[in-house]
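Welcome, and thanks for taking a look at this one with us. Below is a short tour of the fold, arranged by topic.

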Amino acid sequence: MLCKFAEFYVKCNPKFPYTADMIEKFRCDDDVDPSKIISIGENVTLEDCENYHIKYPNVPVDEAEHIYLADELFKKILPYKSIMIHSSAVKYKGKCYLFSAPSGTGKSTHTRIWEKIYGDDVKIINDDKPIIRLMGEELIAYGSPFAGGTHKFCDDFAPLTAIVFITRAEKNSIRKLTNKEALPLIFQETVRKVSKERMHLVLDMLDVILKNVDLYELCCNMEDDSAKIAHDTIVKD
């Protein structure tokens, strides 16, 4: 199946409906030069997925395939000044804000509060693995079909304005981070098992992000006020 997202043509034929249904939403019939197509999943076997499930019993076999495909795509888009960041990407009034945190912290819960409070002004571009591309001199966040868990994603994009790292707390507060503080936080939300050459590409993209995007830590209790305090701090216009 040929699909298109984040300005990439991607060929992928998942074995399980879990990923196939998400990919289907990006299907395209363009006549594309084969050299411009990124192929993923050709070497992912059923045995690979079953072994992953054995190692991590809480991950079903079909979701294991989803993880393998996302990991492969992450590595293959790096040479194109692109990166996937584990986060929930909110498009709000034409700009994109990423909310990132380790799994289980509540990034999706927080962005649902944004939807509740700010209504139609909010669109979730991707709730798990948006793609960030350096297009010319501008960082753009794109939706992708890799949104396991909530399955919230769409074929949309917006300029990346800020990244907010969420931690749980009893009281809501937010502060701006230095690049030194933010680097380990953003690094842990990318794929780290890459070759030395690709690691340079990861670090190059993170350097661009750190220099061009506002970075915050949100201490969050997941009540409505957490979205309000984040909004009033990170939305400049």
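Predicted model: local features only at pLDDT ≥ 70, side-chain atom pairs only at ≥ 80, totals over all residues.

Residues are numbered from 1 along each chain as its sequence is written, and side-chain values use heavy atoms, with hydrogens and water left out. Helices (H or I, at least four residues) and strands (E, at least two) are DSSP runs, numbered from the N terminus.

**Nonpolar cores**

- A nonpolar core here is a set of buried Ala, Val, Leu, Ile, Met, Phe, Trp, Tyr and Cys residues joined through side-chain atoms within 4.5 Å; buried means under 20% relative accessible area, exposed over 50%, and partly exposed in between (1.4 Å probe, protein chains only).
- The largest nonpolar core holds 52 residues, and those with the most contacts inside it are Leu73, Ile83, Ile163 and Ile209.
- Helix H6 (residues 196–212) gives the most to this core, contributing six residues.
- A second, separate core has 22 residues, including Ala101, Trp114, Ala162 and Val164.
- Leu73 is in contact (heavy atoms within 4.5 Å) with Phe5, Val10, Ile38, Ile40, Met84, Ile131 and Phe146, leaving aside residues up to four places away in sequence.
- As general background, nonpolar side chains tend to be buried together in soluble globular proteins.

**The three-stranded sheet**

- Three strands make an open sheet in the order S1-S2-S3, with mixed pairing; two strands pair if DSSP finds at least two bridges between them.
- Strand S1 (2–5) and strand S3 (37–39) are at the edges with a single partner strand each, so one side of each has no neighbour in the sheet.
- From one strand to the next, the twist averages 35°.
- Four bridges pair S1 with strand S2 (residues 8–11) in the antiparallel sense, and Leu2 stands opposite Lys11 in S2.
- Helix H3 (residues 61–77) packs on this sheet and touches S1, S2 and S3, its direction making about 140° with that of S3.

- H3 has 17 residues and reaches 25 Å from its first C-alpha to its last, close to the 24 Å expected at 1.5 Å a residue; the expected span is 1.5 Å times one less than the number of residues.
- On H3, the buried residues are Ala64, Glu65, His66, Leu69, Ala70, Glu72, Leu73, Phe74 and Ile77.
- The axes of helix H2 (residues 46–55) and H3 come within 8 Å and cross at roughly 110°; axes are lines fitted to C-alpha atoms, for helices over the stretch in contact, and angles run from 0 to 180 degrees between N-to-C directions.
- H2 and H3 are therefore roughly perpendicular to each other (under 35 degrees counts as roughly parallel, over 145 as roughly antiparallel, 65 to 115 as roughly perpendicular and the rest as oblique).
- Where H2 meets H3, Leu46, Asp48, Cys49, Glu50, Tyr52 and His53 in H2 contact Val61, Ala64, Glu65, Ile67 and Tyr68 in H3.

- Five of the six residues in strand S6 (residues 95–100) are buried, which leaves the strand mostly covered.
- Strand S5 (residues 88–92) runs antiparallel to S6 and is joined to S6 by five bridges, with Cys96 in S6 as the bridge partner of Lys91.
- S5 and S6 form a hairpin with two residues between them, and Lys93 in the turn has a positive phi of about 50°.
- S6 and strand S10 (residues 157–168) run parallel and share five bridges; Leu98 stands opposite Ile163 in S10, and Phe99 stands opposite Val164.
- Strand S9 (residues 138–142) is antiparallel to S10, with three bridges between them, and Ile140 stands opposite Pro159.
- Seven bridges link S10 in parallel to strand S12 (residues 214–220), where Cys219 stands opposite Thr167.

**Loop residues worth a look**

- Ala6, in the loop between S1 and S2, has a positive phi of about 55° although it is not a glycine, and counts as buried at 3% relative accessibility.
- Glu7 lies in the loop between S1 and S2 and has a positive phi near 65°, but counts as partly exposed at 44% relative accessibility.
- Ser87 lies in the loop between strand S4 (82–84) and S5, and counts as buried at 0% relative accessibility.
- Beyond residues up to four places away in sequence, Ser87 touches several others, among them Leu98, Phe99, Lys107, Asp127 and Pro130.
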